[in-house]
Amino acid sequence: MSAAKNKLTEIQNNDSGLHGQYKTWFLDYASYVILERAVPAVEDGLKPVQRRILHAMKEMDDGRFNKVANIIGQAMQYHPHGDASIGDALVNMGQKDLLVETQGNWGDVRTGDDAAAPRYIEARLSKFALEVAFNNKTTEWQLSYDGRKNEPVTLPMKFPLLLAQGADGIAVGLSTKILPHNFCELIEATVKYLRGKRFELYPDFMTGGMLDIADYNQGKRGGKVKVRALIEEVDKKTLAIRSVPYGVTTTQLMDSIVKANDQGKIKIKKVTDTTAADVEILIDLAAGISPDITIDALYKFTDCEISISPNACVIVGMKPQFLGVHDLLKISADRTKDLLEQELKIKLAELQEKWHYTSLEKIFFEEKIYKELEKKHETWDKVLEAIDKAFVPFKKQLKRAITREDIIKLTEKPVRRIYKLDIDELNAQIKGLEADIKQVKYDLANLVDYAVAYYENLLKKYGKGRERKTEIRQFEVIEAKQVAIANTRLYVNREEGFIGTGLKKDEFLFECSDLDDIIAFAKNGVMKVVKVTDKVFIGKDILHAAVFRKNDERTTYNMIYVDGKDGMSYAKRFNVTGITRDKEYDLTKGHEKSKVHYLSVNPNGEAEVLKIVLSSSSSARIKEFDFYFEELAIKGRSSMGNQVTKYAIKSVKFKEAGRATLSGKKLWFDDKFGRLSEEEKGLYLGTFEADDRILVIYSDGHYEITDQELTQRFDAENILLIGKFNPEKIISAVYLDKKNLQYNVKRFKIETTTLKNKFFFIKEGDGNYVEAVSTDEEPILAVQTGRGDQVRKAKFKIAKVAEVMGWKTVGTKLVDYNKSVEMEWVKTKQDNQQAELFE
């Protein structure tokens with residue numbers, strides 16, 4: 001027994017035994033998965049299975065389509081795994097529409113539909129693949145897994161395929177995620193790199209959509225991109241999703257929308273997938289729900305916006321390395337240049353060899369050396385020696401020594417009567433070969449120019465239809481609280497001091513979102529901000545509760561309280577901007593017997609007038625008086641306030657509404673995001689009072705009047721004018737009447753009053769659009785027509801050209817249409833005085 005134990009211990013301690021195998025097996029397995037399965041090689045951008053599929057397809061290539069089942073079978077001679085992994089990899093390459101040309105139902109990455117069975121679909125190498133991926137003369141070969149066949153170590157890829165297709169792979173202990181980039185942009189960036197210029201590279205997805213690359217960090221670890229679906233407002237009750245984010249299917253997207261609706265984060269009636277040639281998911285909104293807020297909520301709470309973290313890991317020198325996309329492009333460009341150089345050198349050697357033999361052939365026939373074959377020599381070797389000797393006077397004309405193989409090859413030529421024409425043809429061939437050799441040597445000496453020309457030729461041949469599909473733009477930050485819909489009901493028990501969603505037998509306050517914070521004030525002067533929950537204690541005798549808006553500098557609280565220590569009453573006005581949630585803030589001087597007499601909430605800093613009645617037992621001479629809040633300055637919430645009276649107060653009653661003590665709200669239009677803003681970003685629109693409206697005029701011929709709601713979305717690229725709406729202002733607009741090939745001008749006042757409805761104010765017709773619009777009282781329009789020496793300039797006083805009429809009128813002809821017309825409003829008085837005015 002002890003002998004067996006000793007033997008087992010010996011085996012375990014031996015590195016070649018059980019213990020040693022456990023030490024190495026995991027590392028061997030991890031290395032195998034990393035190098036042979038999951039991570040692409042930097043040389044050709046392919047994983048082994050992809051490389052073997054392409055090699056198998058090249059062996060089968062005869063210009064016709066092959067059944068995918070046959071391709072899988074051919075690839076299994078090289079790939080030591082099942083047919084499923086080969087089939088999946090082939091379908092994945094086929095769906096990327098670059099190296100593999102497909103026929104049949106290959107599925108759809110947008111909807112997640114699978115490809116048909118391999119026996120029903122066909123494929124062949126694309127012309128692009130044949131041009132950039134294969135060259136037996138520059139390929140390094142190795143034995144296949146069973147030693148029966150040769151397979152390429154890497155393909156001689158002369159294109160940044162890894163960046164064009166992207167790559168995903170999960171290995172043991174690491175993963176790789178390289179996002180796809182635009183075909184044309186990759187070539188343009190490569191040309192810039194070869195020319196020594198700076199370049200930028202950003203992802204581009206076949207699925208389209210929008211992309212925020214602010215944190216892309218060249219695709220390195222730690223970077224990320226945000227991808228959004230394109231959502232359009234069909235009408236006030238319907239939204240349409242026109243694309244899906246990269247890696248998200250229409251089914252997954254719809255499931256996330258339904259989930260958000262079930263959780264109460266959005267409110268919709270139904271969602272319908274009508275995707276065919278183009279993606280289209282229709283969302284019917286619930287009654288009274290804002291489409292703009294819903295769009296924001298879809299981006300915030302569903303897969304309409306996702307974040308992707310790239311992690312560019314590739315195999316370099318049999319080891320995984322983490323690189324950026326710029327590094328990958330440079331490596332690809334340098335390797336392509338090296339491959340082109342190899343090809344040129346091979347071609348040069350072949351041309352020189354061909355020139356050598358053709359020159360030999362010319363001398364052989366022209367100098368009648370072939371007649372040595374007719375002489376009687378003892379042996380065949382003597383014949384070859386005689387021919388070699390006959391070439392001696394002409395060897396200086398050649399560029400290398402004549403070998404025995406050269407002479408044998410000449411003797412194998414059929415000997416017949418030699419015509420002058422044959423010699424002339426050989427001379428022409430030599431001349432052509434010399435020109436080709438000269439060109440190849442020039443290309444080798446100017447390798448960068450040759451590589452640039454190679455890439456430019458690729459772009460010319462294959463770039464059509466491969467333009468960028470994903471729009472790059474900066475995404476605005478969407479705050480969940482701003483877009484969350486009211487999905488819960490809040491109740492209050494004022495007497496006991498509780499608020500919450502579970503107090504359904506008590507007083508109903510309002511509807512809110514479960515993401516909201518609630519601000520509440522109690523009779524004892526305590527203020528508290530809490531999360532929406534089932535039940536939370538504020539303080540007995542709750543006076544007010546509302547949704548809290550952080551950093552709100554306009555909402556002003558007017559308060560009168562009595563100090564429990566000395567009985568004096570104080571008045572204060574304050575804002576509540578930043579707070580700590582669940583912390584109690586005492587708004588009085590802090591005595592436990594202090595209490596609030598009066599509290600009002602004023603969204604625009606209104607300052608009301610109060611009637612204060614003192615206790616009848618007080619010694620005050622005047623027991624009733626008015627108190628004006630407008631006489632108080634707005635201070636911080638912790639301020640003591642101003643003394644109102646030292647006598648006991650019997651009652652405080654509202655007497656008269658006051659005016660707003662705050663100046664109007666300043667608004668800007670942020671054209672980067674198409675949003676209204678209070679943060680001094682973009683175009684300053686002016687100071688707005690609560691009832692002021694905004695006028696927006698679009699180049700497509702619509703106008704709309706809207707309110708100051710910051711969650712609205714505008715089509716910034718289509719806006720010609722945005723500003724404060726004044727119904728008395730006259731709108732001057734010049735638009736194209738495409739049918740009659742003329743520009744019309746019209747002047748009108750806005751007569752409609754409906755908010756957030758678009759009205760079409762120009763003549764209807766295909767191709768009609770607004771060229772210029774102004775709200776100046778006497779606008780002057782500068783018009784330039786013609787080119788070069790034929791340029792004609794004029795300025796029109798619009799008020800004299802067109803009368804003020806209704807907003808539906810067609811208007812008056814201004815000038816004829818042609819592509820050279822340019823228009824611009826004259827802005828300075830000096831320009832107006834110097835201008836020749838056409839009335």
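In which sense do S26 and strand S31 (residues 634-635) pair, and over how many bridges? They pair in the parallel sense, over two bridges. Keep in mind as you look around that this is a predicted model.

To see that pairing, select Arg573 and Ile634: Arg573 stands opposite Ile634 in S31.

Now colour the whole of S26, residues 569-574. The strand is mostly covered, with six of its six residues buried.

Next, bring up strand S25, residues 556-562. S25 pairs with S26 in the antiparallel sense, over six bridges. Pick Val562 and you'll see Ser569 of S26 opposite. The two strands form a hairpin, with six residues between them. While you're in the turn, click on Gly567, which has a positive phi of about 80°.

S26 also pairs with strand S32, residues 642-645, in the antiparallel sense over three bridges. Select Tyr570 to find Gln643 of S32 opposite.

For the last stop, select S14, S9, S8 and S17: in that order they make an open sheet of four strands with mixed pairing. S14 (305-308) and S17 (471-472) each have a single partner strand, so these edge strands have one side left without a neighbour in the sheet. Zoom in on S8 (residues 210-212) and S17, which pair in the parallel sense over two bridges. There, Leu211 stands opposite Ile472 in S17.

How values were computed. Residues are numbered from 1 along each chain as its sequence is written. This is a predicted model: local features need pLDDT of at least 70, side-chain atom pairs count only at pLDDT 80 or more; totals for chains, interfaces and linings use all residues. Side-chain values use heavy atoms; hydrogens and water are left out. Buried means under 20% relative accessible area, exposed over 50%, partly exposed in between (1.4 Å probe, protein chains only). Two strands pair if DSSP finds at least two bridges between them.
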